[in-house]
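Student: I would like to go through this model term by term. Please set each value against its definition.

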Amino acid sequence: MQQVFLYLHVLGAILMGFYLMLPFLAMRVEALQSGTAQFGFLNVLFAANRAGQLALVIAFLSGGYLVSKAHYSVLWMVLAVVLFLAIGALTGILGSKMRKALQDPSGGNIKAHIGSIKSLSVINGIIFFLVVTLMKFPYAF
């Protein structure tokens, strides 16, 4: 059973790898010239963010099971939970900003929200990098 949950946990981490690429992809939205092209590209990023949020839930639940079967320090567990919750909160805010930017199909709202989308994606990418590093070195704490 533990191997199944480990598989789900790694699969969730692979799907969340999108958040490492998101800052670079968000910068490309602004580089596109037409509003409809920006709208289409941002729509794809919005869908990928939703998939990343689902992967976050899968990784969180499977990680909870895996932690219950091993011995980790309290500090490591607190850091893991806090960082996962931070990613969850930031991806929710990011999704809200994307949803607001996508209200106009001609792409008129994108310019008003692209700055916060880029900022949130960079912060989210950094936190995800920290999570991966924390998971790779669980006994360093």
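Tutor: The accessible surface of the chain comes to about 7,900 Å², and 73% of that belongs to carbon and sulfur atoms. Accessible areas here come from the Shrake-Rupley method with a 1.4 Å probe; for residues, only the protein chains shown count as cover. This is a predicted model: local features need pLDDT of at least 70, side-chain atom pairs count only at pLDDT 80 or more, and totals for chains, interfaces and linings use all residues. Residues are numbered from 1 along each chain as its sequence is written, and side-chain values use heavy atoms, with hydrogens and water left out.

Student: What makes up the chain, in helices and strands?

Tutor: The chain has 5 helices and 0 strands. Both are DSSP runs, numbered from the N terminus: helices are H or I with at least four residues, strands E with at least two. From the N terminus on, the order is α-α-α-α-α.

Student: Why is Val10 called partly exposed?

Tutor: Val10 lies in helix α1. Its relative accessibility is 43%. Buried means under 20% relative accessible area, exposed over 50%, partly exposed in between (1.4 Å probe, protein chains only). Val10 therefore counts as partly exposed.

Student: What share of the chain is buried?

Tutor: Buried residues make up 35% of the 141 residues.

Student: Which residues of α4 are buried?

Tutor: Among them are Trp76, Leu83, Phe84, Ile87, Leu94 and Met98. The buried residues of α4 pack against α1, α2, α3 (35-68) and α5 (110-136).

Student: How do you know that the length of α4 agrees with its residue count?

Tutor: Helix α4 (residues 74-101) has 28 residues. The expected span is 1.5 Å times one less than the number of residues. That gives 40 Å for α4, and its end C-alpha atoms are 40 Å apart, so the two agree.

Student: Why are α1 and α2 called roughly parallel?

Tutor: The axes of α1 (residues 2-16) and α2 (residues 18-31) cross at roughly 5 degrees and come within 6 Å. Axes are lines fitted to C-alpha atoms, for helices over the stretch in contact, and angles run from 0 to 180 degrees between N-to-C directions. Under 35 degrees counts as roughly parallel, over 145 as roughly antiparallel, 65 to 115 as roughly perpendicular and the rest as oblique. The two helices are therefore roughly parallel.

Student: Which residues meet there?

Tutor: Ile14, Leu15 and Met16 in α1 meet Phe18, Tyr19 and Leu20 in α2. Contact means heavy atoms within 4.5 Å.
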